[in-house]
Amino acid sequence: MSFAVRSARLLSSRGLRVIQSRGYADEMSFTLAAANRVFYDNANVRQVDVPSFSGAFGILPKHVPTLAVLKPGIVTVYEADGSQKKVFVSSGTITVNEDSSVQVLAEEAQPIENLDASAAREVLAKSQSELASASTDKARAEAAIAVEVAEAIVKAAE
């Protein structure tokens, strides 16, 4: 038997064992919580799309362990039955663990159907006005954060 044939057999059987040992799953354990509400508590879901300061990304079962910071935006959850739920988050953290469990802990969160686009536009206008008139670094930073969150809410509500 030639070296090439033996190598191909070794690699194909090793590759098969690696795939079998990874145990690809269709679902993962997911928790989404905020101070005001727990949206998911170790629920089995198929995928979660999250906004982060390093860029938006999707999380599937067996995702590489990750720690990221949420930015204002929409978390989209693809549930086991195929339905989608969207939740607006203001900020927080995303943790993907070695066991494929995922936790999203948000400072504030609301289902997008609860967002009021006209109220969000009013908050945005007020925040922009506060940013323009801010006289200290602290006031500018706080107003800039308020503008960023309000812009994300307006976008999510429309």
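User: Which residues line the largest pocket?

Analyst: The lining consists of P51, K71, P72, G73, I74, E148, E151, A152, K155 and A156. Please keep in mind that this is a predicted model, where local features need pLDDT of at least 70, side-chain atom pairs count only at pLDDT 80 or more, and totals for chains, interfaces and linings use all residues. Residues are numbered from 1 along each chain as its sequence is written, and side-chain values use heavy atoms, with hydrogens and water left out.

User: What is the volume of the largest pocket, and how is a volume defined?

Analyst: The largest pocket comes to about 200 Å³. Grid points are joined across faces, edges and corners, and the volume is the space filled by probe spheres set on those points.

User: Which elements supply the lining, and which gives the most?

Analyst: β5 (73–79) and α3 (137–157) each supply at least two residues, and α3 gives the most, with five. These labels come from DSSP runs numbered from the N terminus: helices are H or I runs of at least four residues, strands are E runs of at least two.

User: How many lining residues fall in each class?

Analyst: Five are nonpolar, one is polar and four are charged. Ala, Val, Leu, Ile, Met, Phe, Trp, Tyr, Cys and Pro count as nonpolar, Asp, Glu, Lys and Arg as charged, and the others, Gly among them, as polar.

User: Let's stay with β5. Why is T76 called buried?

Analyst: T76, found in strand β5, has a relative accessible area of 9%. Buried means under 20% relative accessible area, exposed over 50% and partly exposed in between, with a 1.4 Å probe and protein chains only, so T76 is buried. Its strand is mostly covered too: five of the seven residues of β5 are buried.

User: Which residues does T76 touch, not counting residues up to four places away in sequence?

Analyst: T76 touches Q47, V48, D49, Q84, K85 and K86. Contact here means heavy atoms within 4.5 Å.

User: How do you know that β5 and β6 pair?

Analyst: Two strands pair if DSSP finds at least two bridges between them, and six bridges join β5 to β6, so they are paired, running antiparallel. Y78 stands opposite Q84 in β6, while V75 has V87 as its bridge partner there. The two strands form a hairpin with four residues between them, and G82 in the turn has a positive phi of about 95°.

User: What makes a set of residues a nonpolar core, and which members of the largest one touch the most others?

Analyst: A nonpolar core is a set of buried Ala, Val, Leu, Ile, Met, Phe, Trp, Tyr and Cys residues joined through side-chain atoms within 4.5 Å. The largest one has 22 residues, of which F30, V50, L70 and V104 touch the most other members. β2 gives the most to this core, with five residues.

User: Why is V104 called buried?

Analyst: V104 is in strand β8, and its relative accessibility is 0%, so it counts as buried. Leaving aside neighbours within four places in sequence, V104 is in contact with F30, T31, L32, A33, V50, L70, T93 and I94.

Key
On a 1 Å grid over the protein atoms alone, a cavity is a set of points where a 1.4 Å probe fits but cannot get out, and a pocket is an open set with protein on both sides within 12 Å along at least five of seven lines; lining residues have an atom within 4 Å of a point.
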